[in-house]
Amino acid sequence: FLIIALVVGLLAVVALAVFYYQNWRKDQLITHQNETLNQQKIKELEQRQQLLSLNAMLVGQEQERQRIAQDLHDGLGGLLSSVRSYFGSLENKIEHHRDRELFGKTHQLLDNAASEVRRIAHNMMPGALTKIGLLGAIQDITHAIEASEEMKISLQAINMEERLPNDKEISLYRIVQEILNNIVKYAQADKVIVQLSRHENLVTLIVEDNGIGFDVNAAKAKGGLGLKGIESRVQFLKGELDLYSKPGEGTSYTIHFPVQEEAVQAS
């Protein structure tokens with residue numbers, strides 16, 4: 001009986017030890033899960049705060065662009081127009097041929113200055129978005145580049161008849177503008193393809209050029225403002241950027257973003 005009692009007692013102790021160990025492991029697992037959830041929540045809050053800060057920054061940038069563009073158009077543009085008008089009234093009072101030649105050159109410089117002010121104001125404030133829509137505004141950019149550069153730009157649109165939300169159109173317009181500016185400055189390309197397409201809730205932008213290409217990792221490490229601006233706006237759109245380029249092989253930008261965030265979450 002003593003042996004049986006000892007065995008039973010030992011089994012009871014083992015059972016209690018196993019029971020407490022399992023409870024301890026369960027508590028440890030719950031604690032670990034809670035810590036993981038808390039870390040995820042903190043990370044989500046940080047990401048949300050970063051997005052809010054980014055959104056505020058981009059909205060502020062657009063407002064500042066519009067203010068400066070308005071000042072350029074109404075202030076400096078109006079002043080140049082007045083100067084051209086007053087200057088033009090002097091043409092009939094010039095007698096000498098040499099003075100007329102100087103007058104013509106000066107008048108041409110004033111015209112060029114007024115055109116440049118209008119161009120800068122137009123680039124800073126995409127009023128064409130509200131007038132002729134996203135595709136028309138992008139086409140304005142491509143025509144301006146083709147007129148001044150030896151470059152052929154093909155613009156293709158698939159299922160883009162329906163307008164996007166205003167903030168997304170502005171961001172997309174700025175992305176295309178920045179990419180094309182980078183191509184003009186650095187790519188040494190003569191052919192560019194810009195393709196915009198929409199499939200249900202997903203919009204895709206593809207921009208490809210046949211230029212000299214570059215080292216993507218080196219460009220990201222360098223932290224150029226052009227690429228940073230593109231990445232920031234893609235993040236604002238809650239999209240994804242796939243950038244492919246190699247020296248001698250041209251460059252390809254592929255960007256996907258949802259039109260409505262709720263639809264993406266529901267799917």
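**Close-up views of a predicted model**

**View A. Thr254 sits in a strand.** Thr254 lies in strand E5 (residues 251-258). Helices (H or I, at least four residues) and strands (E, at least two) are DSSP runs, numbered from the N terminus. This is a predicted model: local features need pLDDT of at least 70, side-chain atom pairs need pLDDT 80 or more, and totals for chains, interfaces and linings use all residues. Residues are numbered from 1 along each chain as its sequence is written, and side-chain values use heavy atoms, leaving out hydrogens and water. Is Thr254 buried or exposed? Thr254 is buried, because its relative accessibility is 16%. Buried means under 20% relative accessible area, exposed over 50%, partly exposed in between (1.4 Å probe, protein chains only). Leaving aside residues up to four places away in sequence, Thr254 touches Thr204, Leu205, Ile206, Glu240, Leu241 and Asp242. Contact means heavy atoms within 4.5 Å.

**View B. Strands E1 and E2 pair.** E1 (residues 152-158) and E2 (residues 191-199) run in the parallel sense over 7 bridges. Pairing requires at least two DSSP bridges between the strands. Ile153 stands opposite Val192 in E2. From E1, the chain crosses through helix H4 (residues 166-187) to E2, and this β-α-β crossover is left-handed. A crossover is right-handed if, with the strands pointing away from the viewer, the path from the first strand over the helix to the second runs clockwise.

**View C. Phe1 comes before helix H1.** Phe1 is found in the segment before H1 (2-88). Phe1 counts as exposed because its relative accessibility is 90%.
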